[in-house]
Every structure is written in structure tokens, then in C-alpha cells.
Amino acid sequence: MTVHHRPEASPVPARVPLATAPLGVFGSLAAGRRNVLELIPELATRLPIVSGRTVKRWHMVTDPTALRRILRDRVEDYPKSVVTKLILEPAIGDSLFVAEGAQWMWQRRVAAPVFSHRNVSALGPVMTAAADRACARLAASDGRAANLYAEMVAATFEVISDVTFSDNEGFDRQAVHKAIEGYISQTAKVSFLDVVGAPAWVPRPSRLIATGPMREMKRMADRSIDRRRAEGAKPVPDLLDLLLQGEDPKSGRRMTTSELRDNLLTFIVAGHETTALTLAWSLYLCAFDEGAQAQARDEAQAVLGDRTATAADLPHLPLVRRIVDEALRMYPPAAFLSRTAQTQDELCGREIRPGDTVILPIYALHRHHLLWIDPDRFDPARFADPKAIDRFAYLPFGDGPRICIGASFALQEAVIVLATLLARFRLARVPGKDPKPVMILTLRPEGGVWLSVTRL
Ligand code: HEM
């Protein structure tokens, strides 16, 4: 018997109302401005594929076999969609996240060893220090409500800036943070419209951000890289050092300053908000289910005592890890991925034509009724045996050659911070203030995650 079993009618954590009627193009555009997730038809949580036409032909695929084909077996036929590039290129150039073909492959070969288990573990102390500072800040909210999402954004930004451009005079963390935030909020609303084929008059982000804070941020990053190149690596090499030392084993090619800068900014953009969201949603779920919170707290306190968690504690914190896994299922930060089909193909018996947009609605996949029992229910015990989960039914980090390069970095950080917080604080819901999931490039809690904080 599992401890988490509850009757069917028990309340479920915050979710998005998905579209139940087919939306015409104008309906889609209007919904897209409100909340991209509402565009994902309810049907996508019940059928393997849902197709439609909103200016362009599109298919939402939630069938694990088809997903394996798109992401792994036929990856060349399904490159990232034009829209992904439109949105991200102005900020992060033709870096790892957006590049295709040979231009992607050599960068992946340089970057892969940077994220080896050994290197990621060695960066653990940066995460431990950020967890400590987060606790110190949170202690000031003892007995009151705090926005845990804002707290987690601060913590994960400290980590990612410490392992990229840290210790460099003249690198203004706050300026970089503001530039990235501004960029994301400006581009957010147009993104999904493009996925479903928005008309040409929709403003494109490149025009919005070609000047101003983004340009200044790039200049600052370039100066930091040049300085580090001159000064040499830090005692524990960080991501910048590792990438600076990196070399493509095939061609011997190394990254130039602008290639390094674009990739490091990619790590910041791709890595900090996603990890903050994972933590914020995990904390919300812990407040939602006080029993699960108590169990995870017992585990964290038994392992840590008064210490802050470190990378070495990870194998001893399975319950904390399951909460993170379940949060990534229920609120995947990258709630949908998109690809543009290059060749004629067939997915789930349906014809795919070159140019069709193939949407991977991860949010719907993770709440699919054919793949998950009682999908809207929070139940970390689902992950007690990771082998029991179909690999292509659970894709918070994507899969195949383009799987998230920072997955183990993010998971290590999330477990360190969550275990430390749970060991030291009790978190409870604030009545009437449940977060509302909204898709803005990533799946965010509108208005934040407000929880009342009690120091233990
Ligand atoms: C919980 C946190 C994170 C989530 C949910 C996440 C999710 C994802 C997903 C879904 C993809 C694949 C996108 C696609 O196939 O269209 C991806 C790719 C990527 N992620 Fe993450 N990510 C996270 C953290 C990080 C971190 C911490 C870093 C770096 C420090 C990072 C760097 C990247 C990069 C560079 C890629 C592109 C890889 C390639 O195309 O070769 N991510 N991420």
C-alpha cells in the first residue's frame, strides 16, 4: 500500500484548463495572448496525436513511440522549429541550444565533458552556498508569507552566475539578470503564436532587443571572458574555465570569445529560470501535501542534521528527489517543444508533410490519461522505481541527441536546495493564493508562489 493513496475526489494541485473545443485561428491568437497552455487541447491528454491547422498545419504528439522517432531515431528530419530560433537567436546567437547539423555537433562535443558527473559534483559547493544564503533570507520571513518563486529565482541566478562569469570585476550580476528578464518577458507572448503560424505582422523579438541592455550585457560578458583567459582558471574550474579549456576532439576547434559568450549566456537563460521553477513548484507541492512534506523533511533532517546539503548527500535523499521528479512531471518548465518536419513521414498513422509544425506538448504528455494513473494527482511515489516509467512518456529534459545538457546540474542543484529548505522550514499554503500556471517561454506561476514560512 502506498502512503499517498487518496480517494479519486480529493483535490488536485493547481492546473490549467485546457481547450475543450477546436479553436479557430482568432481564438488561438486570443488564447495565446492569455495563456499558451490553454491552447493545448484537452484531447491531447487523451489521444496519441491531435492535428489541426492555424495558418500552418500542426500536430501535437503525445505518443511515446512517435516521440522516440522525432527526438531520437529521426532527429535530422525534425530539427527545432524556426520559431525556436526566431525567439532565441537574438539573445544567444547560433549557440548549442539553437544550432543545427555540424554547427551544433561540434559545440556539443566541446560542451559535453563540461557537464560530466565529476565536473558537476565539483560545482556542488556553489549550490550549497546558495542554499545557505536562501535560508538566511527566508529566515527573515519567519511567521509570514514569502514569494518562494522570487526566492528561488534569486538562488538559482546566484548559482549560474557564480559558475559562469563570477569573481570578475565589472560583471554586473543585476544588470545581466535584468537584461535577461526583460528579454524573456518581451518575447514571451509572441512565441506560441509563431509556433502555430502567426501572421507576419506579429512583432518579432529580434527587432525589440537588438539594442539596449542585451547589447551591453554581451559586451560585459566578452570582457569577462577575455579577462579570465588572461588570468587563467579558478582553483575549482567553473563552466567558463571548462569551456575555455574545451576542444572539439574531432577537429581540434576551440571556441572564440563570441562563441563562448553565446554558450555561457545560453546556460544562464536555459538554466536558471527552469531550475527556479522546478524548485518553486516542488515547494508548492510540498505545501499542498503536508504528509509528503513531513516525510521528505524527516529524510532531510536525518541525513543533514544541522548541515546544508552537499552533492555527496544526493544518493541519500531519494524522497526529496522524487518530489523534484514529480514536480517536473506536473509542471514541466519547458511545457512544450516544437519541431519543423523536413520530410514526408507518418506519425501514429497520420501523414506528416514537409513544413508541418510538430508540437511536443510536454505538459499534456505528463498528464496523459493513457500513460499515467490519475495524472492530475500529486504522487511522488510514482518515481519510486524509475525503471517503471516509460522513458518517452516523461520528457522534462527532452531526449535523444538534443537532450538537456544541464539536466544533472539542475537536478543536483534542486535536490541540494530543496532538502536544505525542507530541513529548516515548514511551508504552508496561503488560502486563496494558489499559483496559476501560465506559459511564458517557460511554465511560470502567475503572481508567484506564496507560502507561509515557519522556521523550525
Ligand atoms: C530543471 C531545469 C531544466 C529544464 C527543465 C531544462 C529543459 C531542457 C529541455 C526540454 C531541453 C531540450 C529542448 C528541445 O529539445 O527542444 C533543454 C536543452 C538544453 N538545456 Fe536545459 N533544462 C534545464 C536546466 C538546464 C541547465 C542548468 C543548463 C545549463 C547550465 C541547461 C542548458 C541547456 C542547453 C545548452 C540545451 C541545448 C542542448 C542541445 O541542443 O544540444 N539546461 N533543456
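Helix H6 (residues 124-139) packs against H16 with the two axes 9 Å apart and an angle of about 35 degrees between them. Axes here are lines fitted to C-alpha atoms, for helices over the stretch in contact, and angles run from 0 to 180 degrees between N-to-C directions. This is a predicted model, in which local features need pLDDT of at least 70, side-chain atom pairs count only at pLDDT 80 or more, and totals for chains, interfaces and linings use all residues. Residues are numbered from 1 along each chain as its sequence is written.

**The helix pair**

- H6 and H16 cross in the right-handed sense (left-handed if the near helix is turned anticlockwise from the far one by less than a right angle, right-handed if clockwise).
- From H6, Gly124, Met127, Thr128, Ala130, Ala131, Ala134 and Cys135 meet Gln412, Glu413, Ile416, Val417, Thr420, Leu421 and Arg424 of H16; two residues are in contact if their C-beta atoms, placed from the backbone, lie within 7 Å.
- The contact of H6 with H16 holds eight nonpolar, four polar and two charged residues; Ala, Val, Leu, Ile, Met, Phe, Trp, Tyr, Cys and Pro count as nonpolar, Asp, Glu, Lys and Arg as charged, and the others, Gly among them, as polar.

**The whole chain**

- The chain has 16 helices and 11 strands; helices (H or I, at least four residues) and strands (E, at least two) are DSSP runs, numbered from the N terminus.
- Of its 456 residues, 47% count as buried; a residue is buried if 20 or more other C-beta atoms lie within 10 Å of its own, exposed if 12 or fewer, and partly exposed in between, with C-beta atoms placed from the backbone.
- Among contacts with a separation of 6 or more, 75% join residues 24 or more positions apart.

**Around the ligand**

- The ligand is surrounded by 23 residues, and the closest are Gly271, Thr274, Gly398, Cys404 and Gly406; a residue is near a molecule if its C-beta atom, placed from the backbone, lies within 6 Å of it.
- Helix H12 (257-288) and helix H16 (407-424) are the elements that give two or more residues to this shell.
- H12 gives the most, with seven residues.
- By class, the shell has 13 nonpolar, seven polar and three charged residues.

**Strands and sheet**

- An open sheet of three strands has the order S3-S11-S8, with antiparallel pairing; two strands pair if DSSP finds at least two bridges between them.
- Strand S3 (145-147) and strand S8 (425-429) are at the edges with a single partner strand each, so one side of each has no neighbour in the sheet.
- S8 and strand S11 (residues 450-455) run antiparallel and are joined by five bridges, and Leu427 has Val453 in S11 as its bridge partner.
- Helix H7 (residues 148-162) lies across S3 and S11 and runs at about 45 degrees to S3.
- Elsewhere, S4 pairs with strand S7 (residues 357-360) in the antiparallel sense over four bridges, with Val358 in S7 as the bridge partner of Arg339.
- In strand S4 (residues 337-340), Leu337 and Arg339 point one way, Ser338 and Thr340 point the other way, and all are buried.

**Positive phi**

- Most residues other than glycine have a negative phi.
- Cys348 has a positive phi near 50 degrees and lies in the loop between strand S5 (345-347) and strand S6 (350-352).
- Cys348 counts as partly exposed because 17 C-beta neighbours lie inside 10 Å.
- Asp374, in the loop between helix H15 (362-365) and H16, has a positive phi of about 50 degrees.
- With 15 other C-beta atoms within 10 Å, Asp374 is partly exposed.
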